[in-house]
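Please keep the structure open while reading.

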Amino acid sequence: GALLPALLLAAPKPADSAHYRTVRDRVGDGGQVFVYVDVDGYFTELGRELTTGVAAAAGDDASLALWKQDYAAIFAELGLAQVKAVGLSSRQLAPDRFANRIYLHVPEGRRGLLQFFGGAAHPFASAQLAPADTDLFVETELDLSALCTTSLQLLQRISPELAAQFPGQMPTADELSGLAALTSLTQFKGRFTAVMRLHGETAFGPESEFPHDVLIGTDAHGPQFLALLQLRQPELKAVKTEGARTFYSTGEKLSGLPTPLCLVAEGERLHVATSEAFLRECLDRKAGLAQAPAFKQALAATAAEGNSVVFATPRLFATVREAVTMVSKLTHPDRFGQSSYRFFLDRLARITEPVVSVTSNLPDGVLVQSVGPDSLRESLPVLGLLTPDLAGNILRVALPAHVAKQYAFRVAERQAVPVRENLARISAVATAYFANNAESEEVAFAELLAMDPALAELKPVA
């Protein structure tokens, strides 16, 4: 694939890439940066080369059979072979304000690892939980069952014995234990939500407590998460039930928190908050972040529907800046550390408007849109290193070389066995010789052969 800024990339003919126009339309090419990388067929070809190279390196050694795989099929199961092209762009909106887009073109549909972030894009319903003055809001959809299915398929291909030990189906409530609850979460398919509202721009209070409001929740597998939390926090007990809601509390405040931790379970939903007051405020809210002008503007600049959203206010970054400044004073960094701190603090100081990032699963790919103080132009050197060509070339050399090294080790190990056996026989005869000739300091092999003619039958080792 090619990695070129837009100003160096001539408009290709339709025959140059069947996917170019789709990618261009998704990310836009009229801004500061436009990059297009065509990877159609790349992972399939790479897989075939790895299959051939590894098979040659492993030879007929049965102990290396694990490495002799159909790597093209593995890349297909991982979902990499379905990615046909990648595009990214940056458009400047104002000083220190950029709209960035990254798009993975998957016209045949996502599979494997690309299914990890859920299904079709949808409205961000949990924004209704967050107050209008929220400083950090995160909603992300995850499909751990897709990740586990992909892992199981790979294990069945590589090692059926390991696949037989893979976690099974979701247990019943009566079977829940630490391991069973954790195992059940491998089937998780739902949304996580995190909300933070700051009180001031100081990370910690005068008593080193965390004074801010935080809510974390999930709309699926709440009973399993609750079981795990109770195993880690035995003091977490049910304190009251209100309709379908059951409230839990740690009773006493945890270290670093001004109030006891509070949870509420409602069917498959589970929410945890730093205080009961904030928990109730979020659950009973009629209007909030979803109606806030700053949040609505952020979604208008990115996407109103998606599978993941991160929204952060300048006050959050100011608080992080204050915390980093405090840490830098406590750690007494060297000159390099001081320079790193200054660089980081300066970047945080540039954030004067909300930052947002939205990831959306589309019918033909995955689109990430963000608005913030940084352009993707600054990341081009790093992104250039992440192109499939570099990783593929490293794999082409490293994987067969590793298998060849293992093959040489196995050969040397097999040769070492008769060597050890020969030395043991010679040592036994030599020990007997010196027992009868205590005055001798050395002995020739011919003398040992005279004592034990069977030494002539020692197997030569190449």
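## The chain as a whole

Of the 462 residues in the protein chain, 39% are buried. The model is a predicted one. Its secondary structure comes to 14 helices and 15 strands. The radius of gyration is 31 Å, well over the 23 Å that the globule rule gives for 462 residues, so the chain is more spread out than a compact globule.

Along its principal axes, the C-alpha trace spans about 100 × 65 × 55 Å. Contacts can also be sorted by how far apart the partners are in sequence. Among contacts between residues at least 6 apart in sequence, 67% join residues at least 24 apart.

## Helix α2 against α13

Helix α2 covers residues 42–58 and helix α13 covers residues 388–436. Their axes are 8 Å apart, and the packing angle is about 15°. Angles under 35 degrees count as roughly parallel, and α2 and α13 are therefore roughly parallel to each other. The crossing of α2 past α13 is right-handed.

Which residues of α2 meet α13? They are Y42, F43, L46, E49, L50, G53, V54, A57 and A58. On the α13 side, the contact is made by P388, D389, G392, N393, L395, R396, L399, P400, V403, A404 and Y407. By class, the residues of this contact divide into 14 nonpolar, three polar and three charged.

## Helix α2 against α3

Helix α2 also packs with α3, at an angle of about 140° and with the axes 6 Å apart. That angle makes α2 oblique to α3. The α2 residues in this contact are F43, T44, L46, G47, R48, L50, T51 and V54. From α3 come Y71, A72 and F75. Seven residues of the contact are nonpolar, three are polar and one is charged.

## Helix α3 against α4

Helix α3 (residues 71–78) has a further neighbour in helix α4 (residues 144–158). The two axes come within 10 Å and cross at roughly 165°. Angles over 145 degrees count as roughly antiparallel, which makes α3 roughly antiparallel to α4. Here too the crossing is right-handed.

The contact involves A73, I74, E77 and L78 of α3. Their partners in α4 are T150, Q153, L154 and R157. These residues divide into four nonpolar, two polar and two charged.

Most residues other than glycine have a negative phi. What is the phi of D96? It is positive, about 60°, although D96 is not a glycine. D96 lies in the loop between β2 (85–94) and β3 (97–105). With 38% relative accessibility, D96 counts as partly exposed.

The second case is H332, whose phi is near 50°, again a positive value in a residue other than glycine. H332 sits in the loop between α10 (314–331) and α11 (335–349). Is H332 buried or exposed? At 67% relative accessibility, H332 counts as exposed.

K84 is placed in the loop between α3 and β2. With a relative accessible area of 11%, K84 is buried, because buried means under 20%. Leaving out residues up to four places away in sequence, K84 touches H19, D38, V39, D40, H105, P107 and E108. A99 is 15 residues from K84 in sequence, and the two C-alpha atoms are 24 Å apart in space.

R347 is part of helix α11. Its relative accessibility is 22%, so R347 counts as partly exposed. Not counting residues up to four places away in sequence, R347 touches D374 and E378. R347 and L316 are 31 residues apart along the chain, with 13 Å between their C-alpha atoms.

Terms used:
Residues are numbered from 1 along each chain as its sequence is written. This is a predicted model: local features need pLDDT of at least 70, side-chain atom pairs count only at pLDDT 80 or more; totals for chains, interfaces and linings use all residues. Side-chain values use heavy atoms; hydrogens and water are left out. Axes are lines fitted to C-alpha atoms, for helices over the stretch in contact, and angles run from 0 to 180 degrees between N-to-C directions. Helices (H or I, at least four residues) and strands (E, at least two) are DSSP runs, numbered from the N terminus. Angles under 35 degrees count as roughly parallel, over 145 as roughly antiparallel, 65 to 115 as roughly perpendicular and the rest as oblique. A crossing is left-handed if the near helix is turned anticlockwise from the far one by less than a right angle, and right-handed if clockwise. Contact means heavy atoms within 4.5 Å. Ala, Val, Leu, Ile, Met, Phe, Trp, Tyr, Cys and Pro count as nonpolar, Asp, Glu, Lys and Arg as charged, and the others, Gly among them, as polar. The radius of gyration is taken over C-alpha atoms; the globule rule is 2.2 Å times the number of residues to the power 0.38. Buried means under 20% relative accessible area, exposed over 50%, partly exposed in between (1.4 Å probe, protein chains only).
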